[in-house]
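Student: Can we walk through this one together? I'm new to it.

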Amino acid sequence: MATERSSISMPADIRDRIREHAADAGLDVSTFLTIAAQAQMDQQDRVREIFMSYEEARAEAEKQAGSGTWAGDEIELSRQEQAEVDAILGRP
């Protein structure tokens, strides 16, 4: 993989800390930042993968809400049951 040069801007105190941590690890700043960025991206990818099923479930729930289709819509209530539900919900 080809290596490309990039320029980044940051506060001087953070730059200095990065230099210190890189030196403590026996790495140059570029390698240290590459490793740190890769670790952060890997963590975000893992979180995204873990929550993907929840996001899919949320999207399906939103789809159902938008269509007016809800779990239990197929249940038919007797007149008495419907009257009880209406009373609980304050419907006339």
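**Rings, loop and pocket**

Tutor: Start with Tyr54. This is a predicted model, and in it Tyr54 is exposed, with a relative accessible area of 55%. The cut-off for exposed is over 50%.

Student: And Phe51, what's its relative accessible area?

Tutor: Phe51 comes out at 45%, so it counts as partly exposed.

Student: How many aromatic pairs does the structure hold?

Tutor: One aromatic pair. Phe51 and Tyr54 form it: their ring centres are 5.8 Å apart and their planes sit at 50 degrees, so the pair is tilted. Tilted covers what falls between stacked, under 30 degrees, and edge-to-face, over 60.

Student: Why give both a distance and an angle?

Tutor: A pair of aromatic rings is described by the distance of the centres and the angle of the planes.

Student: Where do Phe51 and Tyr54 lie?

Tutor: Both are in helix 2. They are three residues apart, about one turn of the helix.

Student: New topic. What lines the largest pocket?

Tutor: The lining includes Thr3, Glu4, Arg5, Ser6, Ile8 and Met10. Arg15, Val29, Ser30, Leu33 and Thr34 are also among the lining residues. By type, the lining divides into four nonpolar, four polar and three charged residues.

Student: Which helix gives the most to that lining?

Tutor: Helix 2, residues 29–67, with four residues.

Student: And how much space lies in the pocket?

Tutor: About 480 Å³.

Student: Now helix 1. How many residues does it have, and how far does it reach?

Tutor: Helix 1 has 13 residues. From its first C-alpha to its last it reaches 18 Å, close to the 18 Å expected at 1.5 Å a residue.

Student: What comes just after helix 1?

Tutor: Gly26 does, with a positive phi of about 75 degrees. Look at Leu27 too, in the loop between helix 1 and helix 2.

Student: What does Leu27 touch?

Tutor: Ala22, Phe32 and Ile35, leaving out residues up to four places away in sequence. Leu27 has 30% relative accessibility, so it counts as partly exposed.

Student: Last one: Ile88. Buried or exposed?

Tutor: Exposed, with a relative accessible area of 73%. Ile88 belongs to helix 3, residues 79–89.

Student: How far apart are Ile88 and Asp13 in space?

Tutor: They are 62 Å apart, C-alpha to C-alpha. In sequence, Ile88 and Asp13 are 75 residues apart.

Definitions and conventions:
Residues numbered from 1 in each chain as written. Predicted model: local features only at pLDDT ≥ 70, side-chain atom pairs only at ≥ 80, totals over all residues. Heavy atoms only, no water. 1 Å grid on protein atoms, 1.4 Å probe; cavity = no way out; pocket = protein on both sides within 12 Å on 5 of 7 lines; lining within 4 Å. Points joined across faces, edges and corners; volume = space filled by probe spheres on them. Helix = DSSP H or I, 4+ residues; strand = E, 2+ residues; numbered from the N terminus. Nonpolar A, V, L, I, M, F, W, Y, C, P; charged D, E, K, R; others polar. Phe/Tyr/Trp six-rings, centres within 6.5 Å; stacked < 30°, edge-to-face > 60°. Buried < 20%, exposed > 50% of the residue type's maximum accessible area, 1.4 Å probe, protein only. Contact = heavy atoms within 4.5 Å. Expected span 1.5 Å × (residues − 1).
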